[in-house]
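Here is a short report on one protein model.

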Amino acid sequence: MSSLWTKLTWPENCTVPDVLFVNASPLIFLGNADRLDLLQAIAGRIIVPQAVYDEVAGSPHVDAASRAVANASWIEREQSKTIPNTVVEWDLGPGESAVIALALTALGSTTVIDDLSGRKCALSHGINVMGTLGFVIAAGRCGHIDDPRQVMFELRAAGMWLSESVIERALRI
């Protein structure tokens with residue numbers, strides 16, 4: 001297993017962070033699979049940079065995710081902080097950069113980022129990282145879903161690229 005997989009935050013039992021800073025792709029994948037409620041189920045607060053919210057909910061092409069995010073009153077929006085040069089140097093997208101910048105202001109926070117470069121940047125800054133699959137695993141461990149494998153198949157059907165080996169690796173962890 002690659003070292004990145006083992007450095008990601010994989011909740012044990014039903015231990016999940018109180019606050020999560022979420023990027024666009026987890027919102028899109030969970031929203032399109034009609035599973036956005038898993039975010040609310042496994043964390044106390046879900047914070048999304050305004051730029052990420054606008055990217056998903058204000059998208060010119062309306063899909064299930066944009067409608068779900070726009071209707072999720074429990075998603076907290078925050079204006080992006082100044083992006084530190086140590087994050088700018090990674091040349092990430094604006095969403096990943098904004099999520100990491102916000103997380104840097106909250107000691108011990110967790111980001112939810114699927115992008116590999118974004119994950120590496122967050123980890124290099126000492127920020128906990130979880131991806132969409134981490135949510136699925138956490139939701140299963142907390143009893144919010146019965147079959148994490150089935151939810152992963154739903155995510156794949158909704159457009160998330162997941163090979164059989166990725167699914168198997170996530171379930172083994």
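Arg-149 is partly exposed, at 30% relative accessibility. Here, buried means under 20% relative accessible area, exposed means over 50%, and partly exposed lies in between (1.4 Å probe, protein chains only). The model is predicted: local features need pLDDT of at least 70, side-chain atom pairs count only at pLDDT 80 or more, and totals for chains, interfaces and linings use all residues. Residues are numbered from 1 along each chain as its sequence is written, and side-chain values use heavy atoms, with hydrogens and water left out.

The side chain of Arg-149 meets that of Glu-168 in a salt bridge, 2.4 Å from N to O. Arg-149 lies in helix H10 (residues 148-157) and Glu-168 in helix H11, so the pair ties together parts 19 residues apart in sequence. Helices (H or I, at least four residues) and strands (E, at least two) are DSSP runs, numbered from the N terminus. Glu-168 is partly exposed too, at 28% relative accessibility.

## Other salt bridges

A salt bridge here is a side-chain nitrogen of Lys or Arg within 4 Å of a carboxyl oxygen of Asp or Glu. How many salt bridges does this rule give? The count comes to five.

One of them joins Glu-76 and Arg-45, at 2.7 Å from N to O. Glu-76 lies in strand S3 (residues 75-78) and Arg-45 in strand S2 (residues 45-49), so this pair ties together parts 31 residues apart in sequence. Both ends are partly exposed: Glu-76 has a relative accessible area of 28%, and Arg-45 is at 37%.

Arg-156 forms a salt bridge with Glu-164, with their closest N and O atoms 2.9 Å apart. Arg-156 is partly exposed at 31%. Glu-164 is partly exposed at 40%.

## The buried side of H11

Helix H11 spans residues 164-172. Which of its residues are buried? Val-166, Ile-167 and Ala-170 are. They cover an arc of only 100 degrees around the axis, which puts them on the same side of H11. The arc is taken from the directions from the helix axis to the C-beta atoms. An α-helix has 3.6 residues a turn, so residues three or four places apart point the same way.

## Strands side by side

Strand S2 pairs with two others. Strand S1 (residues 19-22) and S2 run in the parallel sense over three bridges. Two strands pair if DSSP finds at least two bridges between them. Val-19 has Arg-45 as its bridge partner in S2.

S2 and S3 also pair in the parallel sense, over four bridges. There, Ile-46 stands opposite Ile-75 in S3. Is S2 enclosed or open? Four of its five residues are buried, so S2 is largely enclosed by the rest of the structure.

## Loops

Most residues other than glycine have a negative phi, and most peptide bonds are trans. Asp-34 has a positive phi of about 60 degrees, although it is not a glycine. Asp-34 sits in the loop between helix H2 (24-32) and helix H3 (37-42). Asp-34 is exposed, with a relative accessible area of 66%.

Asp-91 also has a positive phi, about 55 degrees. Its place is the loop between helix H6 (85-88) and H7. Asp-91 is exposed at 68%.

Gly-108 belongs to the loop between helix H7 (94-104) and strand S4 (110-112). Gly-108 is exposed, at 59% relative accessibility. The C-alpha atoms of Gly-108 and Gly-126 are separated by 8.5 Å, and the two residues are 18 residues apart along the chain.
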